[in-house]
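Here is a walk through one protein model, written for someone seeing it for the first time. Keep the picture open while you read.

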Amino acid sequence: MSSAEPTAAAPRSGLVALALLLVYVVWGSTYLGIRLALEGGALPLTTVSGARFIIAGSLMYAVLRWRGMPAPTRRQWRNLAIMGLTMLVLGNGMVVLAERTVSSGLAATAVASVPLWMALFGALRGQHASRGEWLGIAIGFVGVVWLNAGSSLTASPQGLVLLLVAPIGWAFGSVWARGLDLPAPFMTAAGQMLCGGVMLVALGLASGERPTQWPSLDGLLAVAYLCVFGSIVAFTAYVWLLHNVRPALAGSYAYVNPVIAVVLGAIIGHERFGAHDLLAMGVILAGVVVLTLARTRAK
């Protein structure tokens, strides 16, 4: 069956708020988790991305099958594989590679363009955003630019290219998946992680990544956090949102993630931020509020 279109009955606002909170906060923390995993000696594609998605996807798939959920059909596996390629390999994998040479804050900032790309790809498919949604997108993007204007964030040319590819791949996969023949949302998340994880490990091995020693304890703990919270919890919540709300609202996490990344950087990484950063975060949150209100009026 196809489960990628919003259901006829609107989801309860409390469930939408909970899913958004998980995606906002947990994914905002994963940029620091990726940095800690890389600093702990974990390999970018085979471990930080690929292995954790395979583990998370396998656990979810086993539990869902044990509870009696049917396995995806051959056509659904094909669609899941394409989603894994666009969202996980091109999206997540490129961000992890970029964080070898760029700061976690800049990586979080790069995903701020996701709602813009989602709105563009959605418009090409006839799913036009409302004026209010475009206004929220514009406000949020201004806030993210302001947050990083004049900062000391640095990046290599290769890192900048990777951070350009990542949001385009993620946004395309998110919009392309709507209306496809896919299993139920949780099975979609599990199958997508399995397919994407296998491709990421294969890409890592093909690019020369070879595990020669175990990561440090901090690196292993960071990978475990990414596996459980970043993959199983937050990614499942995001897939559920894709099935139940408009693309612009599902992609609004991109504006909140940089705020979470900056706050965690200050608390855990002892990074400093001042009034300029706080005002910029306020603009980002204002954009999310406008986007949410526009979505409510559209419904």
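## Arg 246 and its loop

Look for Arg 246 in the loop that links α9 to α10 (247-250). This is a predicted model, and in it Arg 246 counts as partly exposed because its relative accessibility is 30%. Now jump back along the chain to Glu 133: Arg 246 and Glu 133 are 113 residues apart in sequence, yet their C-alpha atoms sit 9.9 Å apart in space.

## The overall build

What does the secondary structure come to? It comes to 12 helices and 0 strands. Reading along the sequence, you get α-α-α-α-α-α-α-α-α-α-α-α.

The protein has 299 residues, and 53% of them count as buried. Its accessible surface comes to about 13300 Å², with 70% of that belonging to carbon and sulfur atoms. Take the contacts between residues at least 6 apart in sequence: 93% of these join residues at least 24 apart.

## The nonpolar cores

The largest nonpolar core holds 75 residues. Which of them touch the most other members? Those are Trp 27, Val 114, Trp 170, Phe 235, Tyr 238, Leu 241 and Tyr 253. Apart from this core lies another, of 9 residues, including Ile 34, Ala 37, Ala 42 and Leu 226. As a general point, nonpolar side chains in soluble globular proteins tend to be buried together.

Leaving aside neighbours within four places in sequence, Tyr 238 is in contact with Val 23, Trp 27, Met 87, Met 118, Trp 170, Ser 174, Ala 250 and Tyr 253.

## Helix α7 and its partners

Helix α7 covers residues 157-176, which makes 20 residues. From first C-alpha to last, α7 reaches 29 Å, close to the 28 Å expected at 1.5 Å a residue. Its buried residues are Gly 159, Leu 162, Leu 163, Ala 166, Pro 167, Gly 169, Trp 170, Ala 171, Gly 173, Ser 174 and Val 175.

What do those buried residues pack against? The list is α1 (13-39), α3 (74-98), α4 (104-110), α5 (114-124), α9 (217-244) and α11 (253-267). In α5, the buried residues are Val 114, Pro 115, Met 118, Ala 119, Phe 121 and Gly 122. Just after α5 comes Gly 126, with a positive phi of about 85°.

Beyond its neighbours within four places in sequence, Thr 188 is in contact with Leu 80, Met 83, Leu 182, Pro 183, Val 239 and His 243.

Tyr 225, in helix α9, is partly exposed, with a relative accessible area of 29%. Its contacts, again leaving out neighbours within four places in sequence, are Val 26, Ser 29 and Gly 230. There is also Thr 30 to look at: Tyr 225 and Thr 30 are 195 residues apart in sequence, but 8.3 Å apart in space, C-alpha to C-alpha.

How many salt bridges does the structure hold? It holds 1, and the side chains that meet in it belong to Arg 35 and Glu 39, at 3.5 Å from N to O. Arg 35 and Glu 39 are 4 residues apart in helix α1, so about one helical turn separates them. In general, an α-helix has 3.6 residues a turn, so residues three or four places apart point the same way. As for cover, Arg 35 is partly exposed, at a relative accessible area of 23%, while Glu 39 is exposed, at 58%.

Ser 103 sits in the loop between α3 and α4, and it counts as partly exposed, with 24% relative accessibility.

## The cysteines

How many disulfides does a search of the whole structure find? It finds 0. Among the cysteines, Cys 195 counts as buried because its relative accessibility is 15%, under the 20% cut-off. Cys 227 counts as buried too, at 8% relative accessibility.

Definitions and conventions:
Residues numbered from 1 in each chain as written. Predicted model: local features only at pLDDT ≥ 70, side-chain atom pairs only at ≥ 80, totals over all residues. Heavy atoms only, no water. Core = buried A, V, L, I, M, F, W, Y, C linked by side-chain atoms within 4.5 Å. Buried < 20%, exposed > 50% of the residue type's maximum accessible area, 1.4 Å probe, protein only. Contact = heavy atoms within 4.5 Å. Helix = DSSP H or I, 4+ residues; strand = E, 2+ residues; numbered from the N terminus. Areas by Shrake-Rupley, 256 points an atom, 1.4 Å probe, with all protein chains shown as cover. Expected span 1.5 Å × (residues − 1). Disulfide = S-S within 2.5 Å. Salt bridge = Lys/Arg side-chain N within 4 Å of Asp/Glu carboxyl O.
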